[in-house]
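Dear colleague,

I am handing over the structure we spoke about, and below it you will find what came out of a first reading. Please look through the model before you go on to the notes.

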Amino acid sequence: MTSSLLMPRRGVRAGTAGRGTAGGATATGSTGSVAPTAILDWRHPNVASLVGRIGASGPSDDASDPAHRIAALRRAHRHIAAVVRPVYSVQDERPVSQVLRRGRGSCSQRLAVLESVARASGVATRVRGLLVDGRFWYPRFPRMRRFVPHQVVLAWPEFRIEGLPAAGHPSAPWLTVSELFGDLQELSRGEGGGFTNSGAETLFEALSRTAVDWDGATACPAAGASCDLSAHVLADLGHFDSRDELFARHGQTLCATARLLADPVLGRRSAGV
């Protein structure tokens, strides 16, 4: 297990935020935003170029149609998966424009790219903060478990889709990224089982084929990897208007010194290795 000296001093501990408990005033009243932030710098030319290639910029005749919005986000997800190589970066606050310049990023950074594309196209986003048990990542680091943090602050995006029907979407008008490619129950019945957090597939890719369920609301097949990942959640930190606010309040997974030392190495290691 990682020494606590490597953890951020203001980092959340499992006992400070209960499951299903919001993380403060910001978390309880989040309405999301389309504004650019230090991380979601969608006005940068690098991001604008990506948005143009995806074809997600500018209004269209059917832009108000929820199905059109969701289809555009799915298209963006697939494009990002193809052009941003998955690596084990630990710099969660790296601006999206830099991630695109490097052409590689962690799951967190690639999700931030998706949020930036959404905001650039007029779709408000917010994130749900989850404190995840570090042991969830053990399968990826079988020989380096003692270097894996005790807990990981995860920013899980949600998109405000106006007109999203409440039937099948209890959080409407908010659509969690877990449901970007369909209802969780439907996704859980797909071939190949759930998410193992091992091998070449990352959380970012898994979203398009299987249920990624942090709340334990999905009945998964008896065989194969689990779709229900709720056992790995130590605390629900609530909702925040941006991942910038989440990290400002709860810190990143590692302290600044540890990130500075680890990122040059992990940031070039493929997530499939």
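The protein averages a pLDDT of 82, and 78% of the residues reach a score of at least 70. Over residues 1–28 the pLDDT is below 50, although in the model this stretch has 78 contacts beyond near neighbours in sequence. Residues 255–263 also have a pLDDT below 50, with 17 contacts beyond near neighbours in sequence. Where pLDDT is low, the predicted coordinates should not be read in detail.

As for the overall fold, the secondary structure comes to 9 helices and 6 strands, and 53% of the 273 residues count as buried.

Strand 3, which spans residues 125–133, is mostly covered, with 9 of its 9 residues buried. In a regular strand the side chains alternate between the two faces of the sheet. In strand 3 both faces are covered, with Thr125, Val127, Gly129, Leu131 and Asp133 buried on one side, and Arg126, Arg128, Leu130 and Val132 buried on the other.

Helix 3 covers residues 66–83, and its 18 residues reach 26 Å from the first C-alpha to the last, close to the 26 Å expected at 1.5 Å a residue. Its buried residues are Pro66, Ile70, Ala72, Leu73, Ala76, His77 and Ile80. Seen down the axis of helix 3, these residues fall within an arc of 155°, so they line one face of the helix. Arg78 and Ala82, on the other side of helix 3, are exposed. The buried residues of helix 3 pack against several elements, namely helix 2 (45–54), helix 5 (107–120), strand 4 (151–160), strand 5 (174–176) and helix 7 (203–206).

Two single residues also deserve a note. Asparagine 197 lies in the loop between helix 6 (184–188) and helix 7, and it counts as buried because its relative accessibility is 3%, with the cut-off for that label being under 20%. A polar atom of its side chain lies 2.7 Å from the backbone oxygen of phenylalanine 136, and the side chain of asparagine 197 also makes a polar contact, likewise at 2.7 Å, with the side chain of arginine 140. Leaving aside neighbours within four places in sequence, asparagine 197 is in contact with Phe136, Trp137, Pro139 and Arg140.

The other residue is proline 86, which has its place in strand 1 (residues 85–86) and is buried, with a relative accessible area of 18%. Proline 86 and cysteine 107 are 21 residues apart in sequence, while their C-alpha atoms are 6.9 Å apart in space.

With best wishes

Key. Residues numbered from 1 in each chain as written. Predicted model: local features only at pLDDT ≥ 70, side-chain atom pairs only at ≥ 80, totals over all residues. Heavy atoms only, no water. Helix = DSSP H or I, 4+ residues; strand = E, 2+ residues; numbered from the N terminus. Expected span 1.5 Å × (residues − 1). Buried < 20%, exposed > 50% of the residue type's maximum accessible area, 1.4 Å probe, protein only. Arc of directions from axis to C-beta. Contact = heavy atoms within 4.5 Å. pLDDT = per-residue confidence, 0-100. Polar contact = N/O pair within 3.5 Å; in protein donor to acceptor, adjacent residues only side chain to side chain.
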